[in-house]
Amino acid sequence: MKRTRLLLATIALSLGAPAPVSAHAFLDHAAPSVGGKVHAPPGEVSLRFSEKLEPAFCSVRVLDAKGERVDKGDARVDGGDRGMLRVSLRVIPAGVYKVVWRAVSVDSHVTEGDFTFEVVP
């Protein structure tokens with residue numbers, strides 16, 4: 001009887017335990033979109049993450065087909081939305097562009113990645 005109560009208590013506790021929380025800042029969506037095509041050159045690239053970001057340790061660069069930066073070097077976490085990372089772009093011609101990002105969530109987990117988008121005439 002004592003074993004049965006212990007077993008039932010263990011099961012009850014495990015069912016009531018909270019699920020582990022992932023605190024990595026994963027890319028949720030971007031503008032321009034990942035792999036997307038736009039007909040007008042965007043003025044900025046914005047990246048939306050699943051967690052709040054640590055502004056001091058996040059970065060984003062936008063490169064042209066030659067690997068040259070076309071952003072203005074002003075990457076920043078949005079003051080009103082700490083899950084949004086933005087960078088301004090110079091005026092860019094039609095072509096394929098690569099966005100390279102690194103995000104650090106407020107609890108110091110690092111994620112990074114890249115994607116392309118295309119400006120079409």
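Is Arg102 buried, exposed or partly exposed? I looked it up in what is a predicted model. Arg102 is partly exposed, at a relative accessible area of 32%.

**Entry 1: the partner of Arg102**

I followed the side chain of Arg102 to Glu112. The two meet in a salt bridge, at 3.9 Å from N to O. The cut-off is 4 Å, so this pair counts. Arg102 sits in strand β7 and Glu112 in strand β8, ten residues apart. I then checked Glu112. Its relative accessible area is 58%, so Glu112 is exposed.

**Entry 2: other salt bridges**

I searched the whole structure and noted seven salt bridges. One of them joins Arg86 to Glu44, with the closest N and O atoms 2.5 Å apart. This pair links distant parts of the chain. Arg86 is in strand β6, residues 84-88, and Glu44 is in strand β3, 42 residues away.

I looked up the accessibility of both ends. Arg86 has a relative accessible area of 22% and is partly exposed. Glu44 is also partly exposed, with a value of 24%.

I then traced the network around Arg86. It links Glu44, Asp74, Arg76, Asp78 and Arg86 through salt bridges. As a reminder to myself, side chains of opposite charge can pair when their charged atoms come close.

**Entry 3: aromatic pairs**

How many aromatic pairs does a search of the whole structure find? I noted two. Phe49 belongs to strand β3, residues 44-49, and Trp101 to strand β7, residues 95-104. The pair therefore ties together parts that lie 52 residues apart in sequence.

I turned next to Tyr97 and Phe117. Their ring centres are 5.7 Å apart and their planes are at 25°, so I logged the pair as stacked. Tyr97 is in strand β7, and Phe117 is in strand β8, residues 110-119. The two are 20 residues apart, and the pair links distant parts of the chain. Both Tyr97 and Phe117 are buried.

**Entry 4: strand β7 and its contacts**

I collected my notes on strand β7. Tyr97 of β7 pairs with Phe117 of β8. Trp101 of β7 ties to Phe49 of β3. Arg102 of β7 is linked to Glu112 of β8.

Definitions and conventions. Residues numbered from 1 in each chain as written. Predicted model: local features only at pLDDT ≥ 70, side-chain atom pairs only at ≥ 80, totals over all residues. Heavy atoms only, no water. Phe/Tyr/Trp six-rings, centres within 6.5 Å; stacked < 30°, edge-to-face > 60°. Helix = DSSP H or I, 4+ residues; strand = E, 2+ residues; numbered from the N terminus. Buried < 20%, exposed > 50% of the residue type's maximum accessible area, 1.4 Å probe, protein only.
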